[in-house]
Amino acid sequence: MGEVRVEPIKVRTALRPWPTDETPTPGYRERYDRMHIVAAMPGVPRGLHDPDGWVVRTDCLYPKRITEVVVTMTKTGPGGGGIDGIVVTYEWNGRLHRFTIPVEFGICGTDTEEWCR
């Protein structure tokens, strides 16, 4: 939405960031498993692949490697803009499934600097 260009979504395998504390506080691991890792960086990361046909080979039991969804967005005008959710369609056990990742992020433009502070 707005004055941004969203490139086709890509995927890659990445190392999962891991807790550094060997003796975490009670409930830490449970909260860690529910964390969504969102980061902003300039440029396009390496090792990207088309998601069509991508097979997720990790389970949910503390894998060292995870499948990462990569969204690349570029500001195209002074208004900036962003996205509101990513729709994922996949096949599992021969059945088609669909869900929306409830993520929002955007890029401020020169016309929206005061609003973005």
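**Reading a predicted chain**

Modeller: Glu68 is partly exposed, with a relative accessible area of 24%. This is a predicted model, in which local features need pLDDT of at least 70 and side-chain atom pairs pLDDT 80 or more, while totals for chains, interfaces and linings use all residues. Residues are numbered from 1 along each chain as its sequence is written, and side-chain values use heavy atoms, without hydrogens or water.

Biologist: Which cut-offs make a residue buried, exposed or partly exposed?

Modeller: Buried is under 20% relative accessible area, exposed is over 50%, and partly exposed lies in between (1.4 Å probe, protein chains only). In the protein chain, 18% of the 117 residues are buried.

Biologist: What secondary structure does the protein chain have?

Modeller: Helices (H or I, at least four residues) and strands (E, at least two) are DSSP runs, numbered from the N terminus. The protein chain has two helices and six strands, in the order β-β-α-β-β-β-β-α from the N terminus on.

Biologist: Which side chain does Glu68 meet in a salt bridge?

Modeller: A salt bridge needs a side-chain nitrogen of Lys or Arg within 4 Å of a carboxyl oxygen of Asp or Glu. Glu68 meets Arg12 this way, at 2.5 Å from N to O. The pair links distant parts of the chain: Arg12 sits in strand β2 (residues 10-15) and Glu68 in strand β3, 56 residues apart. Arg12 is partly exposed, with a relative accessible area of 21%.

Biologist: How many salt bridges does this rule give?

Modeller: The count is two. Glu7 and Arg5 also form one, at 2.6 Å from N to O. Glu7 is partly exposed at 28% relative accessibility, and Arg5 is partly exposed at 43%.

Biologist: Where is Thr72, and which residues does Thr72 touch?

Modeller: Thr72 is in the loop between β3 (65-70) and β4 (73-75). A contact means heavy atoms within 4.5 Å. Leaving out residues up to four places away in sequence, Thr72 touches Arg5, Val6, Glu7 and Val44. Thr72 counts as buried because its relative accessible area is 16%.

Biologist: Which residues make up the largest nonpolar core?

Modeller: Such a core is a set of buried Ala, Val, Leu, Ile, Met, Phe, Trp, Tyr and Cys residues joined through side-chain atoms within 4.5 Å. The largest here has six residues: Val4, Val71, Met73, Ile83, Ile86 and Val103. Beyond four places in sequence, Val71 touches Val6, Ile9, Ile83, Ile86 and Phe105.

Biologist: What share of contacts comes from residues 24 or more positions apart?

Modeller: They account for 69% of the contacts in the protein chain with a separation of 6 or more. Take Gly81, which lies in strand β5 (residues 81-92). Not counting residues up to four places away, Gly81 touches a set including Met1, Gly2, Gly106 and Ile107. Gly81 is partly exposed, with a relative accessible area of 22%.

Biologist: What is the phi of Asn93?

Modeller: Most residues other than glycine have a negative phi. Asn93 has a positive phi of about 55° although it is not a glycine. Asn93 is found in the loop between β5 and β6 (95-107) and is exposed, with a relative accessible area of 64%.
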